[in-house]
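Reader: Please take one part of this model and look at it closely. Then carry on to whatever else can be described.

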Amino acid sequence: MSATSDRLVFDNVSKFYGEVLGINRVDLTIPPGITSLVGPNGSGKTTIMNLMTGLLQPSHGEIRMLGIRPDRPEKLFRHMGYCTQYDSFPKATNGTQFLYNYLRVHGHPHARAMEMTERAIDRVGLADAAPRRVAGYSKGMRQRIKLAQAICHDPTVLILDEPLNGLDPMARAEMIDLFRELARAGQHIVISSHILHEVDLISDQVILLNEGYVVAEGDIHDVRTEMSGKPLQILVRCDKPGLLASKVFEHESTVEARMHEDGGGILVSTKDADRFLIAFNRMVLDNEIRVESVTPADADVHAVYQYLITQESEA
Amino acid sequence: MKSLWWRQIQGILRLEVRKSIFSARALPLYLMAGIPATVTFIVVAVSTIVGESPPEFSGPGGSTSLFAILFQLGILRSTLYFACVWIFMNLFRGEVLDRSLHYYFLSPVRRDVLVAGKFGSAWIGVSVVFSALTAVCFGVIHAYFGGGSMSNLAGHLFAYCAIVWMACLGYGAIFMVAGLFMRNPVIPAILVFFWENINTFLPGLLKKFSVIFYLQSLFPIDVSEGPIEIIAEPVPLWIGIPGFIIFSTLMLLAAAFQIRRMEVHYADD
């Protein structure tokens, strides 16, 4: 297998809908694991997913999914499943028929298609509702049956457009566990979601999009570190927050230090986290401060989203 | 072991034949088929009430002529035509309107195999319904007004059914392509309808650019279409049928070309 044949690759890809920009000059190389697409409505998340799956064709550039061009569905969908945002189904089918017919179109014989259908339905916890018509399903049940369709043929790449929409908290947790399990098995999972704290919980890497452009890509902590214009916030919990604050102020990379609301720590803003942490160790040792925890306070998806997208839009 | 593409076509046929003839989408098909059936029963009922048949329709030759007229005007040139318009134009357009086309596009199926599967299922569906209709009307008319020998009647019925299948093949291919290429396929449907129905009065060369002209060679009897009909030498069967199949194949290739470029982009996305 070549270096790029286990990657999802966008090479200078643009998509225009007439004169309207979908995405512009996107370069991506996505490794296995969970990758989240994050951005406001109209930022290009669904366009990227539809391009990955061949439902749209790029205006410029080239896409390779595990080395396969998306305009070769006969090869691509042996390895890929897509849970779309489209909430419509072939008429007059129940949950079982929906999956079974899909697998028959794949070319699976009756017994194998039935076995795969039952397994996928069990996996998304829809066994009781499977004999009922899909048209009568709740939003959450429709979401689950679409997920079942995406995973029923054991794909190595899963594209999930807002897969947690409409699910109750319990179902969300179950689905997140399922995604983690699939990612641990070496699958590519590409998710778009508006629920940033869940993105934070599950993602190995994020792709931040705004107005059709990729504004940041990679591990969220690396992305945050690379934002040199924005001081990094670090929360330190310790037994002598006042003393620590006075020492921290003396360091040249410190932009701001303030007491935490509960008085049990300080919140430090620093221009250079690496240099600060080296100096911080010295401060702690010299002043015999007992440190309970040191955690980045704004190195999550939500904070990066705020910095890169919300403020950019406001500007 | 059957090849993959054949198993995939079977999978598509399973879904699509049901959609073509056993779903709400098939309602216009049955309404169309109901018209000639109703006309046939009205003709028989009126003849029964009046108590005598018009002399030109009595006896074996008469009933054969009566059915030929009914088939030409009531089935081939009208209801079968519009049934094909409805079913074949909606093969892909209907899925776009239902927002369910992605169901197929997310399968590991070559899009040209999808075209073949969907076209084949619609062809089978419409042809079976109209062959059954033709057989019923043929049986009722010949049973009431009298028929010829059994072997002769069977030959005629076979020819009419063959015309139904060939007409569905030709019109189906045209309207599937129209549904894929045109934003508003109703206009080409009306234009083709007009063209097919003035075919009788067209010069010999222009006649050849119509489906109905090539079907003439399959008709078991000649039916005069009036004093201003322009007679043209019908093409022999050995040219007409292969030509028909080649024409339909070319149309399917055009459809396959278009479907490969097609994007799923529903109207209100």
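Author: Start with chain B. Among its contacts between residues at least 6 apart in sequence, 85% join residues at least 24 apart. Two residues are in contact if their C-beta atoms, placed from the backbone, lie within 7 Å. This is a predicted model: local features need pLDDT of at least 70, side-chain atom pairs count only at pLDDT 80 or more, and totals for chains, interfaces and linings use all residues. Residues are numbered from 1 along each chain as its sequence is written, while chains are lettered from A and ligands numbered from 1 in the order in which they are written.

Chain B has ten helices and zero strands. Along the sequence its pattern reads α-α-α-α-α-α-α-α-α-α. Helices (H or I, at least four residues) and strands (E, at least two) are DSSP runs, numbered from the N terminus. The radius of gyration of chain B is 20 Å, close to the 18 Å of the globule rule for 269 residues, so chain B is as compact as a globular protein of that length. That radius is taken over C-alpha atoms, and the rule is 2.2 Å times the number of residues to the power 0.38. The C-alpha atoms of chain B fill a box of roughly 60 × 45 × 40 Å along the principal axes. Of its 269 residues, 39% count as buried, meaning that 20 or more other C-beta atoms, placed from the backbone, lie within 10 Å of the residue's own.

Now chain A. Its domain assignment gives domain 1 (8-218) and domain 2 (229-314); such bounds come from an automatic or database assignment. The contact between them takes twelve residues from domain 1 of chain A and eight residues from domain 2 of chain A. On the domain 1 side, α7 (196-202), β8 (205-210) and β9 (213-218) of chain A each give two or more residues. The largest share, four residues, comes from α7(A).

Strand β12 (residues 265-270) of chain A runs antiparallel to β10 (residues 232-238) of chain A, joined by six bridges. Arg237(A) stands opposite Gly265(A) in β12(A). Strand β11 (residues 254-259) of chain A also pairs with β12(A) in the antiparallel sense, over five bridges. Pairing needs at least two DSSP bridges between the strands. Here Ala257(A) stands opposite Val268(A). β11(A) and β12(A) form a hairpin with five residues between them. In the turn, Gly263(A) has a positive phi of about 75°.

Note on methods:
Buried ≥ 20, exposed ≤ 12 C-beta atoms within 10 Å, placed from the backbone.
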